[in-house]
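Subject: A structure for you to explore

Hello,

Here is the structure I promised to pass on to you. Please open it first, and then read my notes alongside it.

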Amino acid sequence: NTYRIASIPGDGIGVDVTAEARKVLDQAASRFGFGLEWTEFDWSCERYSKTGTMMPEDGIERLAPFDAVLLGAVGFPGVPDHVSLWGLLIPIRRAFSQYVNLRPVRLLPGTSSVLAGRGAEELEMVIVRENSEGEYSTLGGRHNAGQPGEFALQESVFTRVGVERIIRYAFELARARTGRVTSATKSNGIIHTMPFWDEVFAAVAAEYPDVSSDQCHIDALAARVVQQPDRIDVVVASNLFGDILSDLAAAVTGGLGMAPSGNINPPGEHPSMFEAVHGSAPDIAGQGIANPVAQVLASAMLLEHLGEKAAAQAVNTAVETVLAEGGTLTPDLGGRSTTEELGSAIAAAL
Ligand code: NAI
Ligand code: MG
């Protein structure tokens, strides 16, 4: 079996960590006896600076035939962040109906988490972020520029189809892991979209009497992630709330360098896309010291998605082995190794 993978390393540390993830994936393929056929795309802010676009006009059609996409990160100083995100990442997520952004959070060995030693070693939660609508919308505008009455309006879009399918995905996931679902809401302050979200949540929850669930305002839920993470299993959240919560959860469990994510098209009609939660980190770009673990764990999610479950498990185990052994760690983990050294150590452990 040979899978066709599109790689978009992007900008900054996205390029470094994607090279290591590819090394680990190739190792997994040779050990588990399947093929990976790579095609690399130079779509990035660098391309934007030269051509005026992040990706070619037919970019989506070119990605469509692939089995999966591995994305580094996009964004670099000099190119406004809304250009890099709306010029590449968000169009791909929407064109391929990758309406689930799946962000598993685990406390890994050898990390200096603020939770370490608090009995949270077994901590494992999943954030299911809505990835196609919500607060990230183009509706709205700027008005009365430069006048005393200047204002900006930004609308959110919550459709019944969109809200229901993401909540249902969270319940299916919780059922499979015999866990519980927590809904991130804010229906006390946001009076149209969030009460609607709550209503749909209650209706879907009623269809899953065997899965326990609760809802929590996003502010209180943020505190719970820090203070009682063991009370959380599967969180379902809107696009913005899920985005914020997943960086927070990553930070308290050992840092952004460890957090993977998948942009999933659940029916499998279109390619899904895997990436680290972190961005292009211009502050450490070009130094060869970025932690590749998040991107390697994202690659394990990619393998799982392709159905190569044993290979996915082996990649996760290789990461845990290298982290627990502790001799090859990047500076964010308190070590002195390079991106390349940590990536090679994981590939060797595999
Ligand atoms: P960031 O995640 O790139 O960096 C935040 C902090 O975490 C920095 O101090 C960075 O050095 C550190 N960090 C992140 N990943 C790390 C790793 N693997 N190893 C060690 N340290 C790591 O977020 P920031 O600074 O807000 O954004 C930088 C650029 O990335 C912006 O242009 C932003 O728009 C873009 N971005 C792109 C994303 C994507 O392509 N999916 C996601 C998030 C941000
Ligand atoms: Mg984010």
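Residues are numbered from 1 along each chain as its sequence is written, while chains are lettered from A and ligands numbered from 1 in the order in which they are written.

How confident is the predictor? The average pLDDT of the chain (the predictor's confidence in each residue, from 0 to 100) is 94, and 98% of the residues score at least 70. For the complex, the predictor gives an ipTM of 0.98 and a pTM of 0.93. As a rule, where pLDDT is low, the predicted coordinates should not be read in detail.

Now to the ligand. Ligand 1 is surrounded by 23 residues, and the closest are Gly75, Gly257, His278, Gly279 and Asn291. (A residue counts as near if its C-beta atom, placed from the backbone, lies within 6 Å of the molecule or strand.) Which helix gives the most to this shell? Helix α4 does, with four residues; α1 and α4 (81–95) each supply at least two. Helices here are DSSP runs (H or I, at least four residues; strands are E, at least two), numbered from the N terminus. By class, the shell holds twelve nonpolar, seven polar and four charged residues. Ala, Val, Leu, Ile, Met, Phe, Trp, Tyr, Cys and Pro count as nonpolar, Asp, Glu, Lys and Arg as charged, and the others, Gly among them, as polar.

Helix α1 (residues 13–32) also meets helix α9 (residues 293–306): their axes come within 8 Å and cross at roughly 40°. Axes are lines fitted to C-alpha atoms, for helices over the stretch in contact, and angles run from 0 to 180 degrees between N-to-C directions. The two helices α1 and α9 are therefore oblique to each other; angles under 35 degrees count as roughly parallel, over 145 as roughly antiparallel, 65 to 115 as roughly perpendicular and the rest as oblique. The contact of α1 with α9 has eight nonpolar, three polar and one charged residues.

Helix α9 packs against helix α10 (residues 309–325) too, with axes that come within 7 Å and cross at roughly 165°. That makes α9 and α10 roughly antiparallel to each other. Their contact includes Leu297 and Ala300 of α9 and Ala312 and Val315 of α10.

Finally, helix α7 (residues 218–227) and helix α8 (residues 239–252) pack at about 15°, with axes 9 Å apart, and are therefore roughly parallel. Their contact has ten nonpolar, no polar and no charged residues.

Enjoy exploring!

Conventions. Predicted model: local features only at pLDDT ≥ 70, side-chain atom pairs only at ≥ 80, totals over all residues. Near = placed C-beta within 6 Å. Contact = placed C-beta atoms within 7 Å.
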